[in-house]
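Work through the exercises below with the sequence and the model in view. Each task is followed by a stepwise solution.

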Amino acid sequence: MPLRKLFAVTALFILSVNTVHAELLIRITEGADSAVPIAVVPFSESGAVPPGDKVGDIVHSDLAMSGEFRPLPAEKMLSLPSRREEVFFRDWRLLGQRYVLVGSLTRNGDRVSARYELFDVNTEERLLGETAAAPASNIRSLAHHVSDKVYEAITGVPGAFSTKLAYITLDRFNGKPRYRLQVSDVDGKRARIRLESQEPILSPAWSPDGKKLAYVSFETGKPVIFVHELASGNRSAVADFPGLNSAPAWSNDGRSLLMTLSKDGNAEIYRMNLASRELTKVTNHWAIDTEASWDHTGDGLFFTSDRSGGPQIYHKESERAAPRRITFGSRYNARPRPDNTGDFVYYVHQRNSAFHIARTNLDTGEETILTRTESDESPSVSPNGRMLIYATKQGSDSVLTVISVDGGAAYSLPAAEGDVREPAWGPLVR
């Protein structure tokens, strides 16, 4: 790449590190029949709480988009209690509610405190009671925290509403393609540009502490793997070998990356120690091996290989173990993404001429097709294992869609303009 062009791309990147961009929109397209009814009562406010985002509204939306809850609209509520003494459980039973969440917000200087309580309507038992605080400028994070706590109190599984999404948007600017690596909340809000280029950006992958992204950029005219520190904007090229450098995936301890390299002529999977840049060859076969992802143990890995004549999913219980084929249901299965329990692996599955997201039960081998759209790609599993995000088509637009892992509920995240693709769900960070 000419130095002038490289400088222009780099300068644009630096200026865009924390630029707020158009947020993704959210459209809940399908709810689960088994969704649990819950009343999220609008929180009372005192002490000049900032206008705009309302905690109760955000919690309502979070729980609804999970597909596991059916929040009651505020206009159907018979009263608006903010503490236990004001809750009349008979009224909520008449409305068919299983749970009720009440709370209040108080402004103290530059911070806002939320006091909230969750009740089982049938038993009248308090399941959760807590006070949490955040800067007055960060109401959304406070609300997502409340959503996480409510979700965990009811399901026993940590909520993932405080986690982040990384994704790539593509539009045109002055007639030229414009790729943007962006990071947002899981509901598409507070999107920020982290990298902008006229050349493709692919395969964002989160470090386990949520502080870095690895991705592939073509800004030098060829695929190069970068590691990008989100807080500082600093980044470094970690794989710039001849040929293919692609598909980065972090180890559980954040010290190494799996990647696909063709520096020796054939596409193989390697593990790179990020401190020493030492490479270990993980696969060695005449076929194409790519798209590796660590399994839930952190010792084994799933990957895509065409060694059986077409792309299929394989598993190695350790780096030195012999690979075992996992998928058999069609001639094309690729891009494996395991869950965090070792129960399932999710992937892109071809059926006739359509591409869907499917999963295989790793104990029984049973395969289930989860999506009904026909151009699905790039699955990524939520860190609590309860939801799945992928890219698909809605008409001529590329959008992101989130479904429950059983396929029973869905919402979509289209970009306000252009296409959105290559989603990666960030880790749980406590």
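**Exercise 1.** Find the bridge partner of V183 in β10.

Solution. V183 is bridged to R192 of β10. The model is predicted: local features need pLDDT of at least 70, side-chain atom pairs count only at pLDDT 80 or more, and totals for chains, interfaces and linings use all residues. Residues are numbered from 1 along each chain as its sequence is written, and side-chain values use heavy atoms, without hydrogens and water. Next, take the pairing: β9 (residues 176-185) and β10 run antiparallel, joined by five bridges. Strands are DSSP runs (E, at least two residues) numbered from the N terminus, and two of them pair if DSSP finds at least two bridges between them. Last, the turn: six residues separate β9 and β10 in a hairpin, where G188 has a positive phi of about 85°.

**Exercise 2.** Determine how many residues of β11 (residues 201-206) are buried.

Solution. Five of the six are buried, so β11 is largely enclosed by the rest of the structure. Buried means under 20% relative accessible area, exposed over 50%, partly exposed in between (1.4 Å probe, protein chains only). Then look at its partner: β11 pairs with β12 (residues 212-217) in the antiparallel sense over four bridges. W206 stands opposite L213 in β12. The hairpin of β11 and β12 has five residues between the strands, and G210 in the turn has a positive phi of about 75°.
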